[in-house]
Amino acid sequence: MAWQWFHRLGSPRWFYEKSSRWLVWFAPLTLVLMVVGISWGLGFAPIDSKQGNSYRIIFIHMPAAALALAGYYIMAIAGAVGLIWKMKLPFMVMKSAAPIGAALTVLTLATGSLWGHPTWGTFWEWDARNIFMLVLLFLYAGIVVLAEVYPSRDAADKACAILALVGTINVPIIYKSVDWWYSLHQPASIKLTGGSSIHPSMLYPLLLCILAYYCFYTLALILYTRREILVRESRTKWVAELAQAKFSQSQNASGGAP
Amino acid sequence: MSDAQHGYPLGAGFRAIIRRDLTSVWRNRSDIASPLVFFLISITLLPLGVDPSDKLLATIAPGMIWIMALLATLLSLDSLFRQDYDDGSLTQFILSPQPLYLTVLAKVIVHWLTTGLPLAIIAPLLGVMLSLPSGGYWPLVISLTIGTAIMSLIGALGAALTVCLRSSALVLTLIIMPLYLPVLIIGANTVSSAIAGVGAAQGLALLGAALAMAVLIMPLAAAGALRISSNH
């Protein structure tokens, strides 16, 4: 009985119907958080004494980096759940998480290089975090490509899950080894935060931005997963009924006001 | 199941696969040569493409030899399970009472004996060509010996995941490359720090730890991947 909710999670139909109700309030909430967080950070937070206005990109850059990394673990956990309990829905979540994570990684790299130009004087620096993000992008790309090229969907799901799990073990190792490599080479010392702790007037908008990004990630993941559910379940009766209902609804709407 | 219990110990199947694969490699000797030739040619081309001065070559030699060894290993991975997949023996391996972990491990050992080990053995020769400083030879050979074993183990996962694909080279490279990164960093830096006089013990210890972990995890993951990719 206690596990009933868990097994219901495995049903794509249940998720699709529930998430329709969640989206009604969750999508506006995300939008509000994003608008408030980013406009607070970009428009109202105080100017940094060393970096001037260019530091403001942190409000877009840092949450994206955090989620790009968290997204990999979310993807791998979804894959593991799918492998262990042989459920359909987690695989759909895993497959949807890969392109979102890749997009966030690209956003992190892009905003990072835009930020690097005024502060470090270069778009690309062989900094430990830069390399790590680039490797993370390759890890995501591997999953996306593997999911595309596999001949059967079932096999693709399981193969991606295995790759994601092995990648999970590797992510901390890659992170540490890149860090180690960076400290061995001892390049010109560049510090992002200057060692000082961040002032609350900058911290609060940053925290809000992180929260907004988490909501945005969840929203994107739900929307992607819903799309994946419709694609994969397109032959089932409930999707056919859903499509029929949508169709007649739009017929009525256009027919009602000629 | 009963075969495993009645008279066929685990080691027998393991040894049989190693013997069979070594024989098959021996009969197609040109296959072993291709990664070695790639290794040799790319290292020969390197000074022609950059600058043949001793000083520059000595600086980049450890990294370059390591990168070329990595690429040569990558080049040879696709053949790891390909033939067994094509002629159906892979299905027999999966169905047999022998644990697939041991089968994969045996195939990886043969792969390492026929690609990684030869690469490590001829590496000092290439070191001479790239005027590697004298302190770097033993660390280079030892780190490549351990490193290529790790790369064969990790590569087994990539080969197992892509064995059912018709054009697997690009996918294999893409999924394996990020996993090779720590090995390259630790391996190449072991040689550089030995040359710089810091000592190679730290790097070699890290490589050994990575090998121990890879032996435990990678054949398991590759066995799981083989079950998936050969079953559709």
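The largest pocket in this predicted model holds about 770 Å³ of space. Its lining is made up of 25 residues, and those closest to the centre of the pocket are Trp181(A), Ile67(B), Leu181(B), Leu184(B) and Ile185(B).

Helix 9 of chain B contributes the most, with 12 residues. By class, the lining divides into 19 nonpolar and six polar residues, with no charged ones.

The next topic is the nonpolar core. As a general matter, nonpolar side chains in soluble globular proteins tend to be buried together. In this model the largest nonpolar core has 133 residues. The members that touch the most others are Met75(A), Tyr150(A), Phe81(B), Val104(B), Leu157(B), Leu161(B) and Ile176(B). Helix 6 of chain A, residues 153-185, gives the most to this core, with 15 residues. Another core, of 10 residues, lies apart from it, and includes Phe59(A), Met202(A), Cys209(A) and Ile210(A).

Leu157(B) deserves a separate word. Leaving aside residues up to four places away in sequence, Leu157(B) touches Ile162(A), Leu163(A) and Val166(A) in chain A, and Met218(B), Ala221(B), Ala222(B) and Ala225(B) in chain B.

How many disulfides does a search of the whole structure find? Over all chains, the number is zero. Such a link is a covalent bond between the sulfur atoms of two cysteines. Two cysteines illustrate the result. The closest cysteine sulfur to that of Cys215(A) belongs to Cys209(A) and is 12 Å away, so the two are too far apart for a bond. Cys215(A) is buried, at a relative accessible area of 10%. For Cys164(B), the closest cysteine sulfur is in Cys160(A), at 11 Å, which is again too far for a bond. Cys164(B) is likewise buried, with a relative accessible area of 14%.

Ser19(A) lies in helix 2 of chain A, residues 12-44. Beyond residues up to four places away in sequence, Ser19(A) touches Ile222(A) and Arg226(A).

Asn231(B) is found in the segment after helix 10 (201-229) of chain B. With a relative accessibility of 61%, Asn231(B) counts as exposed. Asn231(B) and Thr91(B) are separated by 140 residues in sequence, while their C-alpha atoms are 8.5 Å apart in space.

Now to backbone angles. Most residues other than glycine have a negative phi. Lys86(A) is not a glycine, yet has a positive phi of about 50 degrees. Lys86(A) sits in the loop between helix 3 (58-85) and helix 4 (88-120) of chain A, and is exposed, with a relative accessible area of 71%. Ser131(B), also a residue other than glycine, has a positive phi near 45 degrees. The loop that holds Ser131(B) runs between helix 7 (100-129) and helix 8 (137-162) of chain B. At 22% relative accessibility, Ser131(B) counts as partly exposed.

Chain A has eight helices and zero strands. Its C-alpha atoms fill a box of roughly 65 × 45 × 40 Å along the principal axes. Chain A has 258 residues, of which 44% count as buried. Where contacts in chain A join residues at least 6 apart in sequence, 79% of them join residues at least 24 apart.

Methods. Residues numbered from 1 in each chain as written. Chains lettered and ligands numbered in written order. Predicted model: local features only at pLDDT ≥ 70, side-chain atom pairs only at ≥ 80, totals over all residues. Heavy atoms only, no water. Core = buried A, V, L, I, M, F, W, Y, C linked by side-chain atoms within 4.5 Å. Buried < 20%, exposed > 50% of the residue type's maximum accessible area, 1.4 Å probe, protein only. Helix = DSSP H or I, 4+ residues; strand = E, 2+ residues; numbered from the N terminus. Contact = heavy atoms within 4.5 Å. Disulfide = S-S within 2.5 Å. 1 Å grid on protein atoms, 1.4 Å probe; cavity = no way out; pocket = protein on both sides within 12 Å on 5 of 7 lines; lining within 4 Å. Points joined across faces, edges and corners; volume = space filled by probe spheres on them. Nonpolar A, V, L, I, M, F, W, Y, C, P; charged D, E, K, R; others polar.
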